[in-house]
Every structure is written in C-alpha cells, then in structure tokens.
Amino acid sequence: MKELLLTIDVKCLEPLCIDGKNQKVVMVPFTGVAKGEFFNGEVLGNGVDTQRYKKDGTSSLSARYMIEGTDYKGEKCRLFIENNVNGDSWVPTITTDSQNLKEWEDDKLCSTVEGAAEGVTVKIFKIS
C-alpha cells in the first residue's frame with residue numbers, strides 16, 4: 001500500500017554538460033514547489049539532477065534538493081531530498097528538521113517522475 005506524501009512540481013533550467021573520456025555528465029538545475037497534506041514549500045536556491053552516462057552503457061541518475069516550508073502543524077521546517085534511480089525505480093530519502101515529520105527519515109519510500117510542461121512532476125510515496 002502506498003500513501004502520497006508530497007507532489008513536487010519541478011521547473012527545469014538550462015542543463016550543463018560535459019563529455020569526458022569515460023562518461024558524459026549532464027547536470028540539470030531546477031526550482032520547484034512542493035505540495036501535500038503534510039508539507040508545503042519551495043525548493044531553496046536550485047536543486048540539481050545529475051545524469052551520468054558511462055561509455056560502457058551503464059548510467060546513474062540522482063536528484064538532490066532542499067525545500068523550505070511548513071509542516072501540517074504550521075511549523076517552519078526544511079526537507080532535504082535525495083532521489084536515486086535503483087534499477088528501473090526511483091528511491092528517495094528524506095532528511096528533515098521537522099519534529100512532526102521526522103518519521104519520514106526512517107520510512108520506506110518510492111517515487112514517480114512524470115514529464116510536465118516545463119519540467120517534471122515528482123510524487124513521493126510512503127510504502128507500508
């Protein structure tokens with residue numbers, strides 16, 4: 001069973017690329033807004049999605065960003081999210097200074113990433 005924790009509307013900015021001897025790296029900075037029943041906020045500065053494509057055909061993807069906002073009790077707080085691809089699924093981890101959301105740090109999570117007009121929509125779920 002999955003419970004939706006957050007929906008993050010991500011707006012992608014101009015990508016940065018380098019094609020090296022052993023791999024191509026693409027970094028996509030982004031901004032965004034998080035909405036949900038338990039937390040609402042905005043990405044601080046720019047997050048970054050890092051895509052590494054090795055010459056041997058393997059790849060890795062990872063997004064890292066911090067969001068500042070309020071939890072469901074109206075308390076100001078921050079979330080740090082790292083969302084990594086593991087096989088063909090996205091696996092996020094969350095770190096927070098919210099006493100009301102601290103269990104998210106230990107919860108088993110999964111996420112979906114879907115294309116949107118100016119970027120992507122990320123949905124983070126708790127798996128129970």
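Modeller: What follows is a set of questions about labels, each answered by setting a value against a definition.

Modeller: This is a predicted model, in which local features need pLDDT of at least 70 and side-chain atom pairs count only at pLDDT 80 or more, while totals for chains, interfaces and linings use all residues. Residues are numbered from 1 along each chain as its sequence is written, and side-chain values use heavy atoms, with hydrogens and water left out.

Biologist: Why is Cys-77 called buried?

Modeller: Buried means under 20% relative accessible area, exposed means over 50%, and partly exposed is in between, with a 1.4 Å probe and protein chains only. Cys-77 has a relative accessible area of 4%, so Cys-77 is buried. Cys-110 has 15%, so Cys-110 is buried as well.

Biologist: How many disulfides are there?

Modeller: A disulfide is a pair of cysteine sulfur atoms within 2.5 Å. By this rule the count is 0.

Biologist: What makes the link between Lys-55 and Asp-19 a salt bridge?

Modeller: A salt bridge needs a side-chain nitrogen of Lys or Arg within 4 Å of a carboxyl oxygen of Asp or Glu. For Lys-55 and Asp-19 the N to O distance is 3.0 Å, so the pair is a salt bridge. This pair links distant parts of the chain, 36 residues apart, with Lys-55 in the loop between β5 (47-54) and β6, and Asp-19 in strand β2 (residues 16-19). Strands are DSSP runs (E, at least two residues), numbered from the N terminus. By the salt-bridge rule the count comes to 5.

Biologist: Are Lys-55 and Asp-19 buried or exposed?

Modeller: Lys-55 has a relative accessible area of 51%, so Lys-55 is exposed. Asp-19, at 53%, counts as exposed too.

Biologist: What does the salt bridge between Arg-64 and Glu-82 tie together?

Modeller: The closest N and O atoms of Arg-64 and Glu-82 are 3.0 Å apart. Arg-64 lies in strand β6 and Glu-82 in strand β7 (residues 76-86), so the pair ties together parts that are 18 residues apart in sequence. Arg-64, at 38%, is partly exposed, whereas Glu-82, at 18%, is buried.

Biologist: Which residues does Thr-70 touch?

Modeller: Contact means heavy atoms within 4.5 Å. Not counting residues up to four places away in sequence, Thr-70 touches Phe-38, Phe-39, Asn-40, Glu-75, Lys-76 and Cys-77. Thr-70 is in strand β6 (residues 59-71), and its relative accessible area is 31%, so Thr-70 is partly exposed.

Methods: Helices (H or I, at least four residues) and strands (E, at least two) are DSSP runs, numbered from the N terminus.
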